[in-house]
Amino acid sequence: MNILQIIVAGVFVSNVVLSGYIGMDDVLALSDNKGKMLKIGLISCLMLTISTFLTRLLSQTLLEKFNLQYFELLAYIVIIGLVVKVFSVLFNSTYGDSPAYSKLTLVNTLFLGVALLVSQNNLSLIDTIIYSIGTSLGVILLSIMMEAIKYKYRFVNMPDHFKGRAIHVMALGLIALAFYGFAGLV
């Protein structure tokens, strides 16, 4: 696959939030903070790319070479935890103890899901980086879309059963159906 196909697949076709329900809470949590949503999304993009690259590098160099695939999940959790901790320390020392940056620790499930998907698909290191960037852009796009939907639903008169998370999950389902139309592109 070429670079554009991998990015389109990561953003639209095989979006991990919509196709695998990985990181759905992350999208909903990121869309709550309108002012810093893009900044947090870009930081998460960088963190996802670095952690997925490191997990894939570890998998190709050590785990597969010495036939230690049964340590894969544990090794991925440790690497992702270290990357998240390093970024949390960096941004807490730079920007203070901001609640917006403390949400960076919420994306651990997304990081682990993408790392496991990359490992299952046996992507190369370059394809891993491109897929991670595409997946991150997909999460940022969904966060922006969910913020717009949340803003629109604030002024709509709807039954109490649909208010809150229920309508957001239904909206994500409709977005997933719309994104499914991009399947012919890849």
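Is Tyr70 buried or exposed? Select Tyr70 and take a look: with a relative accessible area of 60%, it is exposed. Here, buried means under 20% relative accessible area, exposed means over 50%, and partly exposed lies in between (1.4 Å probe, protein chains only).

A word on what you have open: this is a predicted model, where local features need pLDDT of at least 70 and side-chain atom pairs count only at pLDDT 80 or more, while totals for chains, interfaces and linings use all residues. Residues are numbered from 1 along each chain as its sequence is written, and side-chain values use heavy atoms, leaving out hydrogens and water.

Phe71 counts as partly exposed, at 39% relative accessibility.

**Stop two: the rings**

Rings of Phe, Tyr and Trp (its six-membered ring) pair if their centres lie within 6.5 Å; planes under 30 degrees apart are stacked, over 60 edge-to-face, and the rest tilted. By this rule there are five aromatic pairs. One of them is Tyr70 with Phe71, a tilted pair at 4.7 Å centre to centre and 50° between the planes. Next, jump to Tyr151 and Phe155: their ring centres are 5.4 Å apart and their planes sit at 85°, so this pair is edge-to-face. Tyr151 is partly exposed at 46%, and Phe155 is exposed at 63%. Then select Phe12, Phe179 and Phe182, which form one aromatic cluster.

**Stop three: the charges**

Side chains of opposite charge can pair when their charged atoms come close. A salt bridge here is a side-chain nitrogen of Lys or Arg within 4 Å of a carboxyl oxygen of Asp or Glu, and the count is three.

- Arg56 and Glu64 meet at 3.7 Å, N to O; Arg56 is buried at 1%, whereas Glu64 is partly exposed at 36%.
- Arg154 and Glu147 have their closest N and O atoms 4.0 Å apart; Arg154 is exposed at 53%, but Glu147 is buried at 8%.
- Asp160 and Lys163 come to 3.5 Å between their closest N and O atoms; Asp160 is exposed at 62%, and Lys163 is partly exposed at 46%.
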